[in-house]
Amino acid sequence: MGRLLALALLLAFAASSPHATIVLYQDGYAHVVIYGQVVAHQPANFTLIGLPEGLVVRYANGSPVPFTLSDGTVELLPGANGTVYVDYYAFDLLEKGPVAWYANFTTPYSTEVLLPHNASLIYINSPPSGASVVNGTLALYLAPGSWRMAY
């Protein structure tokens, strides 16, 4: 019974842990969305992946969440329970090389990376947790850590 309770608590913790999605575009833009559960009137911090441009923080229903940005961390004091989305573009994650684009970033979250439409992965520094292709877009599922890839 104790193992079952421990497993249930671990799954509940994993489900409430923040996650991230990074969409890589053909022109060098990276769209980052970090999302996680918050509790009303309890501080919540989200570590950013890259330098943000056009940062917006909102609840799942689209209403804004007040925030402060300090040293690569978004600090929230949410007014309601629910899912929040930290949404921005990061231009420092990608670099154009002579024959490929290179992505280089560190993430503290389980992260889904979507390569540009019809792009082929030619290098990744470590095996991803998983991968799939949807409508010509390669999706890589990455564990927290430092990642380097070329496409």
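At 24% relative accessibility, R58 is partly exposed, a class that lies between buried (under 20% relative accessible area) and exposed (over 50%), computed with a 1.4 Å probe on protein chains only. The model is predicted, so that local features need pLDDT of at least 70 and side-chain atom pairs count only at pLDDT 80 or more, while totals for chains, interfaces and linings use all residues. Residues are numbered from 1 along each chain as its sequence is written, and side-chain values use heavy atoms, with hydrogens and water left out.

The side chain of R58 meets that of D87 in a salt bridge, at 3.8 Å from N to O; the term denotes a side-chain nitrogen of Lys or Arg within 4 Å of a carboxyl oxygen of Asp or Glu. Because R58 belongs to strand β4 (residues 52-59) and D87 to strand β7, the contact ties together parts that are 29 residues apart in sequence. Strands (E, at least two residues) and helices (H or I, at least four) are DSSP runs numbered from the N terminus. D87 is buried, its relative accessible area being 16%. A search of the whole structure finds one salt bridge.

Three aromatic pairs are present in the structure. Rings of Phe, Tyr and Trp (its six-membered ring) pair if their centres lie within 6.5 Å, and planes under 30 degrees apart count as stacked, over 60 as edge-to-face and the rest as tilted. The ring centres of Y29 and Y89 are 6.5 Å apart and the planes stand at 85°, so this pair is edge-to-face. Since F91 lies in the loop between β7 and β8 (94-96) and Y29 in the loop between β1 and β2, parts 62 residues apart in sequence are tied together. Ring pairs join Y29, Y89 and F91 into a cluster. Relative accessible area is 36% for Y29, which is partly exposed; Y89 is partly exposed at 33%, and F91 is partly exposed at 40%.

An open sheet is formed by four strands in the order β8-β9-β14-β11, with antiparallel pairing; strands pair if DSSP finds at least two bridges between them. At the edges stand β8 and β11 (123-124), each with a single partner strand, so one side of each has no neighbour in the sheet. Two bridges connect β11 with strand β14 (residues 145-150) in the antiparallel sense, and I124 has M149 of β14 as its bridge partner.
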